[in-house]
Amino acid sequence: MAVPVVAVLPMGVTANAASASAARVCVSATSYISNQGSVGVGVMHDWRGTGNLYVQGLYDKVLPVGQRTDCAAGFGWGQARGYYIGPGWCAELRTTNSAGKWYTYDIVRSGQRARPNLGRTIERWEVNPVACT
């Protein structure tokens with residue numbers, strides 16, 4: 001079982017999660033992760049570690065496809081601090097600019113990652129898992 005990628009997105013709704021989010025009640029969040037890939041993603045609520053080494057295992061929970069950490073059943077997190085990309089997987093990490101347009105921030109390989117902090121009021125991230133080539 002490979003647990004690939006995760007994304008931290010803003011309080012806005014992502015393209016793939018738009019219709020699902022409309023039916024959910026989301027908590028007020030300063031950051032959240034949206035799983036826009038095709039497999040579950042390991043996510044961390046509070047980053048407890050140094051650098052990209054998380055001391056509480058690989059991740060706290062698996063976030064299902066098309067879900068967000070501020071809305072998904074069993075989550076309701078006001079923040080999401082990191083994600084896990086399983087072995088053999090890479091991820092396209094995307095975020096929004098000041099105009100709200102999505103762009104690719106980085107391509108990352110498997111392992112644990114603390115989400116970047118760009119100093120925004122709400123951190124907007126999306127991670128799309130892809131098989132590494």
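Buried residues make up 46% of the 133 residues in this protein, where buried means under 20% relative accessible area, exposed over 50% and partly exposed in between, with a 1.4 Å probe and protein chains only. The model is a predicted one, in which local features need pLDDT of at least 70 and side-chain atom pairs count only at pLDDT 80 or more, while totals for chains, interfaces and linings use all residues. Residues are numbered from 1 along each chain as its sequence is written, and side-chain values use heavy atoms, with hydrogens and water left out.

Let me turn to the overall layout. The protein has 1 helix and 9 strands; these are DSSP runs numbered from the N terminus, helices being H or I of at least four residues and strands E of at least two. Read from the N terminus, the order is β-α-β-β-β-β-β-β-β-β. Among the contacts with a separation of 6 or more, 68% are between residues 24 or more positions apart, a contact being heavy atoms within 4.5 Å.

Next, the interior. In soluble globular proteins, nonpolar side chains tend to be buried together. Here the largest nonpolar core holds 16 residues, a core being a set of buried Ala, Val, Leu, Ile, Met, Phe, Trp, Tyr and Cys residues joined through side-chain atoms within 4.5 Å. Ile-33, Val-43, Leu-63, Phe-75, Tyr-83 and Ile-85 touch the most other members. Two or more residues each come from strand 3 (41-44), strand 7 (82-96) and strand 9 (123-131), and strand 7 gives the most, with 5 residues.

Strand 3 also contains Gly-42. Is Gly-42 buried or exposed? Gly-42 counts as buried, because its relative accessibility is 0%. Its C-alpha is 7.4 Å from that of Leu-58, 16 residues apart in sequence. In the loop between strand 2 (31-35) and strand 3 we find Gln-36, which is buried at a relative accessible area of 9%. The side chain of Gln-36 makes a polar contact with the side chain of Ser-34 at 2.5 Å; such a contact is a pair of N or O atoms within 3.5 Å, where within protein one must be able to donate a hydrogen and the other to accept it, and residues adjacent in sequence count only if both atoms are side-chain atoms.

I come now to the charged pairs. How many salt bridges are there? The count is 4, taking a salt bridge as a side-chain nitrogen of Lys or Arg within 4 Å of a carboxyl oxygen of Asp or Glu. One of them joins Arg-48 and Asp-60, at 3.2 Å from N to O. Arg-48 lies in the loop between strand 3 and strand 4, and Asp-60 in the loop between strand 5 (53-54) and strand 6 (61-63), so this pair ties together parts that are 12 residues apart in sequence. Another joins Arg-94 and Glu-126, at 3.4 Å from N to O. That pair links distant parts of the chain, with Arg-94 in strand 7 and Glu-126 in strand 9, 32 residues apart. Glu-126 is buried, at 10% relative accessibility. Glu-123 forms a salt bridge with Arg-120, the closest N and O atoms being 3.0 Å apart; Glu-123 is buried, with a relative accessible area of 2%, whereas Arg-120 is partly exposed at 24%.
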